[in-house]
Amino acid sequence: MQVCNEQSTKGKWGKDCMKIIFVCTGNTCRSPMAEYLLRDYCEKNNLNVEVCSRGLACSNDRPISENSYLALKELGIDASGHKSQSFIMRDLFEADLIVTMTNAHKNLLIQHFNAGDNVKTFADVSEVRDIIDPYGCDLNYYRACRDLIAEGVKGLVSYLNLN
């Protein structure tokens, strides 16, 4: 599967680009950081990929957590426009790839949505371990989480042969 740039193929259902959805619990910490880090990578490398994030147990329209925002801002990434969104059945069908932050998230998608082969854990696609929830921790923990996700984004790009 490749991203749709000048040399690539189309995404699912003949779309002009691939759609990747990152999934965590509340969609305010890990999955938005993954979304914005991959989006930043794609913009810098001229890749046309639709990237978004969802939560499995979240309140919709909540902003990104303050420490996630600050950790991304340190890298020059502005996530101020993020609003949390719950994972819905349509996401399962629209996404080319759904990347969960942990194996538990993947198992929930399989149990509740009968998810298939397009659902992978972050560890499956990046060789980076499960991303543990930093919720309630200090900024240094969020930085470590951000750095682990950033490393994983490079692995994801390699997994998908985007370069």
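**Exercise 1.** Is Arg143 buried, exposed or partly exposed, and at what relative accessibility?

*Solution.* Start with the ground rules: this is a predicted model, where local features need pLDDT of at least 70, side-chain atom pairs count only at pLDDT 80 or more, and totals for chains, interfaces and linings use all residues. Residues are numbered from 1 along each chain as its sequence is written, and side-chain values use heavy atoms, with hydrogens and water left out. Next, recall the cut-offs: buried means under 20% relative accessible area, exposed over 50%, and partly exposed in between (1.4 Å probe, protein chains only). Arg143 has 26% relative accessibility, so it counts as partly exposed.

**Exercise 2.** Find the salt-bridge partner of Arg143.

*Solution.* A salt bridge needs a side-chain nitrogen of Lys or Arg within 4 Å of a carboxyl oxygen of Asp or Glu. Arg143 meets Glu74 at 2.6 Å, N to O. Because Arg143 lies in helix α6 (residues 139–159) and Glu74 in the loop between α2 and α3, the bridge ties together parts 69 residues apart in sequence. Glu74 is partly exposed, at 41%.

Helices (H or I, at least four residues) and strands (E, at least two) are DSSP runs, numbered from the N terminus.

**Exercise 3.** Work out the sequence spacing and the burial of the Lys44 and Asp40 pair.

*Solution.* First, their salt bridge has its closest N and O atoms 3.0 Å apart. Both residues belong to helix α1 (residues 30–44); they are four residues apart, so about one helical turn separates them. Finally, Lys44 is exposed at 61%, whereas Asp40 is buried at 19%.
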